[in-house]
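Hi everyone, thanks for making the time.

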Amino acid sequence: MAELFIQQRFYIGAVLLFTIGLATLFLHPNLIKKIIGLNLMDTSVFLFLAAMGYIEGGRAPIVTLGSETPAYINPVPGGLVLTGIVVAVSTTALFLALTCRLYRKYHSLNLDIILMRAKEEKEDHGQ
Amino acid sequence: MMKHDGKPQHLFDRFMRWAEGEDPNQDREVAEDPERAEFIEYLEYIDSHEFLDFGAYRLMRYRERKAKGITQPLPHSSGQGQSVVISQSRIPGRRYRPGRLRSLIRLYRIASIFVAIVMMVTLLGVVLVMPQFGDPDAPAVNEVSERYLEQGVEETGAINAVTGMILDYRAFDTFGESTVLFAAAMSVILLLRHPGRPAATEGSGDLILHRMGMLILPAVMMFGIYVILNGHLSPGGGFSGGTVLGCGLILSALILGRSRMEILLPSKRITKLTVICLLAYGVMKGYSFFTGANHIGWDIPKGTPGAIFSGGFLLPLNICVGIIVGCTMYTFYTLFAGKEE
Amino acid sequence: MNFIQNIPFFSLFLILLSAIASPFLSQKNGALRLAQGVQLAVTLLSGWLLTELWQTGTSFTYQMGHFPAPWGNELKAGPLEALFAASFSLVMLLSFTGGTRDIQRDIRPERQGMFCLLMQLLYAALLAMVYTNDLFTAYVFIEIAAITACVAVVAKESGKSVVAAIRYLVFSCLGSGLVLLGISILYCVTGHLLMEDLGEIIAQLVSGGTYMVPLTAAALLMTLGLSIKSAQFPFHAWLPDAHASATTSASAILSGLVLKGYIVLLIKLIVRVFGDSMLISIYMDDLLFLLGLTGMLFASVAALRQEDVKRMVAYSSSAQISYIFLALGLGSRAGTAAACFQILAHAFTKPMIFVGAGALIRAGRGGHYWSDLRGAAWRDPMAGLAFTVGGLSLCGLPLLAGFSSKYGLAVAALAAEWQTMPALFGIAASSVLNATYYIPAILAIWGKRAEREQLLHHTVQDYQIAIVCFLVCNVILGMGVGPLFEVIYQGLELL
């Protein structure tokens with residue numbers, strides 16, 4: 001059992017990171033910390049994918065031209081992680097932009113307080 | 001009243017108290033977080049009315065009813081001591097269980113911890129039975145990845161198998177990915193750009209920043225361009241090189257100041273550049289999708305693998321992606337660093 | 001290769017490239033007109049594709065690039081995909097046309113072009129979700145839809161809409177995170193991302209009994225993620241605020257299309273990737289069924305308590321989504337077909353209600369509350385008609401779309417095992433609940449007519465054309481049950 005745990009250490013690390021991110025997302029009322037939680041979740045998935053692509057003794061998939069072909073790691077997860085990172089950057093940017101707007105309007109980063117103030121303000125009906 | 005610009009003042013007060021021999025933290029509970037206190041009062045207000053649905057417009061409804069004279073005046077108008085007034089004006093006959101809302105919130109916390117733990121246990125169960133780490137016979141090592149590695153050089157002209165994969169084999173994903181970035185940039189512009197407001201921050205004037213920045217800026221830029229141009233030959237490519245390029249742009253904005261940067265690279269032009277590159281990307285990929293799917297031929301010559309001009313569209317695609325990413329990073333920086341209204 | 005097979009590719013690239021190029025338009029309503037033109041063109045193209053595929057009864061795959069499927073990306077289109085694409089395009093066009101005046105009123109002029117651009121990207125993402133045959137492509141376009149839908153919520157720029165958008169984004173990111181995790185696990189145990197190959201390998205794994213835990217977890221995670229994103233009952237917390245604070249077109253598109261896009265993906269996952277037998281063996285169908293059953297009752301009860309017209313309609317959306325989950329939970333081909341029909345019926349009904357409600361709010365004094373809307377229908381009878389017909393359709397008045405979908409659902413439920421009685425009870429109870437909140441609403445808007453209430457317009461407005469089209473589509477969906485179910489069954493066979 002302990003051997004299995006050591007063998008799968010990267011996956012287990014990814015799971016722990018994911019849980020920490022999820023708990024942060026749920027439990028912290030602070031928006032910036034929520035964003036950090038989301039980023040942790042994303043990062044854990046990238047760790048998971050990157051670990052999945054590794055092959056014992058494999059090299060980075062930059063093909064050497066020549067006769068002998070060494071073992072390479074699987075290039076597919078690398079590509080998926082690349083895509084995932086770009087997507088994560090994009091959502092984080094949007095998240096931060098919304099947070100900026102909220103802070104300018106309600107002068108707080110605490111989501112509970114923002115919700116309260118938003119509820120109290122008179123609705124302007126878009127006029 | 002909620003603005004935080006009183007923070008230095010607050011620190012100064014604490015310092016003065018400390019200097020006068022008092023305990024600086026004595027009224028901390030009150031002074032530290034007035035927002036928290038306000039929120040707790042609000043919770044008690046909802047609590048006393050049993051308005052447990054957080055999403056609903058209870059307060060507004062209450063105000064409307066008040067305006068029509070149905071109920072007693074709103075406790076908020078009386079200012080201080082909200083919760084006391086509320087509990088008096090409570091509609092008789094309602095069950096009032098104090099602290100119910102707070103216990104609900106506690107329940108929410110316990111439930112979220114529970115969900116997180118369940119998630120963790122499930123995923124641990126999953127990863128322990130998954131193919132072992134580093135296993136060369138894992139299911140993921142199959143004919144798909146083999147072809148990328150073995151025939152990739154021949155079929156795409158790229159030495160870097162990842163670049164060959166994302167820009168040629170699975171190029172539609174990557175086009176979607178650039179579109180995600182573009183969509184995010186446009187959304188941030190929509191949210192944060194104010195047309196009438198000139199970007200008028202000066203350079204910091206910091207001597208160390210200026211000298212060191214000038215020293216490393218050319219290196220950063222050169223490295224970014226190198227990574228982009230050699231994307232199909234060595235590790236890197238449009239996305240990573242573009243990020244380096246974006247960092248270079250941000251650094252130069254720090255050195256020169258935004259107003260001079262705005263003359264060099266107006267934000268309008270940056271947006272246009274992004275749009276043109278993404279369009280060029282779309283047109284090139286559209287061409288290759290169309291000809292590939294209809295088996296028309298008209299292939300782009302692949303060149304000799306290993307040379308800089310090889311791999312058909314890979315080099316121009318990498319340049320486009322690099323410019324898109326660099327411009328987007330710089331756009332994010334300018335918008336987030338913009339002054340508050 | 002037939003020219004017609006290029007239509008999915010053409011529609012996607014037409015929308016994407018025209019959207020990306022739209023910042024170059026300098027005319028006042030340039031981006032809006034361009035968007036409408038593209039939507040019209042894609043509607044026509046998809047309609048053509050649908051008729052061809054229906055008549056020949058075929059489906060085809062379209063290889064994106066020079067490399068065949070497991071290596072390259074691939075699109076797949078059959079009658080069902082073409083049907084979804086055509087109806088989504090039509091709804092998109094009509095929602096845009098119906099909400100033009102609200103867009104011009106709610107959004108700052110210099111940002112309208114940007115709004116149209118992002119809505120077009122959202123539209124492209126929806127079509128890509130419908131057509132794609134690759135899980136990872138689906139994930140990328142899910143994210144495009146998440147970002148752009150969030151902007152659709154926030155475009156009105158009131159404080160409330162920003163708050164709603166951030167809640168929406170939290171839920172949305174959580175949902176797509178779970179989907180990505182599910183995809184990664186699937187990739188790890190199968191080594192494929194293409195739906196068909198995944199399906200084959202999963203069938204082998206299930207029959208061999210290996211990797212059952214990861215497969216179950218992946219199926220659960222992806223279903224969970226997609227149901228969070230489509231606002232299925234326990235995860236619907238973000239929906240009412242997001243809909244209530246958005247501009248009319250955005251509400252219509254969000255409620256009518258975005259939620260459906262994820263469900264179309266879920267249906268493709270169920271049919272192509274996991275297969276009915278595997279899902280039944282892990283009791284996924286029962287889970288979906290129970291989610292749907294509780295959702296349709298709870299969301300309807302929540303809708304009863306709303307004072308704001310848009311919030312009420314939003315809760316009603318959540319209830320209608322639950323119908324789809326209930327139908328999917330029946331675990332039979334008939335259930336899936338009923339789910340597809342419900343997707344179409346709701347996609348044509350809910351935007352009509354939103355467009356009608358938007359016009360009524362304009363016709364009233366701009367207030368969202370029932371007290372503001374009393375008698376508003378007399379000032380704008382066409383909008384009132386849209387709201388009335390939409391509401392009645394959701395209550396299940398015969399000859400309208402809602403009735404047909406409930407009928408299909410009930411027929412599918414009769415063939416189920418233990419689910420028959422609960423499903424029928426749920427449909428009946430939820431219809432009664434629908435009636436209890438829609439009929440007072442309809443009575444309120446047609447309420448007492450004040451002396452000086454006058455018609456607002458004497459000329460035909462563009463949103464009125466949209467409403468007429470919606471009405472016609474609704475009646476067609478209500479009357480043409482037979483042929484439509486034929487197309488859906490044929491499409492499910494070929495999916």
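Let me start with a quick one: does Ala231(C) count as buried or exposed? Keep your guess in mind while I cover the ground rules. What you see is a predicted model, where local features need pLDDT of at least 70, side-chain atom pairs count only at pLDDT 80 or more, and totals for chains, interfaces and linings use all residues. Residues are numbered from 1 along each chain as its sequence is written, while chains are lettered from A and ligands numbered from 1 in the order in which they are written.

Ala231(C) counts as buried, because it has 30 C-beta neighbours inside 10 Å. The cut-offs here are 20 or more other C-beta atoms within 10 Å for buried, 12 or fewer for exposed, and partly exposed in between, with C-beta atoms placed from the backbone. Ala231(C) sits in the loop between H8 and H9 of chain C, and its phi is near 60 degrees, a positive value in a residue other than glycine. As background, most residues other than glycine have a negative phi.

His107(A) lies in the loop between H4 and H5 of chain A. With 16 C-beta neighbours inside 10 Å, though, His107(A) counts as partly exposed.

Let's go chain by chain, beginning with chain C. Of the 495 residues of chain C, 67% count as buried. The C-alpha trace spans about 75 × 55 × 45 Å along its principal axes.

Contacts come next, and two residues are in contact if their C-beta atoms, placed from the backbone, lie within 7 Å. In chain C, residues 24 or more positions apart account for 80% of the contacts with a separation of 6 or more.

Here is a helix pair I like. H6(C) and H8(C) pack at an angle of about 155 degrees with their axes 8 Å apart; the axes are lines fitted to C-alpha atoms over the stretch in contact, and angles run from 0 to 180 degrees between N-to-C directions. That makes H6(C) roughly antiparallel to H8(C), a label for angles over 145 degrees. The residues making the contact include Phe171(C) and Leu178(C) of H6(C), and Leu221(C) and Met222(C) of H8(C). By class, this contact has 17 nonpolar, five polar and one charged residues. Nonpolar covers Ala, Val, Leu, Ile, Met, Phe, Trp, Tyr, Cys and Pro, charged covers Asp, Glu, Lys and Arg, and the others, Gly among them, are polar.

On to chain A, a chain of five helices and zero strands. Its radius of gyration is 21 Å, well over the 14 Å that the globule rule gives for 127 residues, so chain A is more spread out than a compact globule. The C-alpha trace of chain A spans about 75 × 40 × 20 Å along its principal axes, and 51% of the 127 residues count as buried.

Chain B, for its part, has 15 helices and zero strands, with 35% of its 341 residues counting as buried.

Finally, the interfaces. Which element gives the most to the side of chain C that touches chain B? In that interface, 50 residues of chain C are in contact with 47 residues of chain B, and H5(C) gives the most to the chain C side, with ten residues. That side has 34 nonpolar, ten polar and six charged residues.

The contact between chains A and B takes 51 residues from chain A and 57 from chain B. H4(A) supplies the largest share of the chain A side, 17 residues. That side divides into 33 nonpolar, eleven polar and seven charged residues.

How values were computed. Helices (H or I, at least four residues) and strands (E, at least two) are DSSP runs, numbered from the N terminus. Angles under 35 degrees count as roughly parallel, over 145 as roughly antiparallel, 65 to 115 as roughly perpendicular and the rest as oblique. The radius of gyration is taken over C-alpha atoms; the globule rule is 2.2 Å times the number of residues to the power 0.38.
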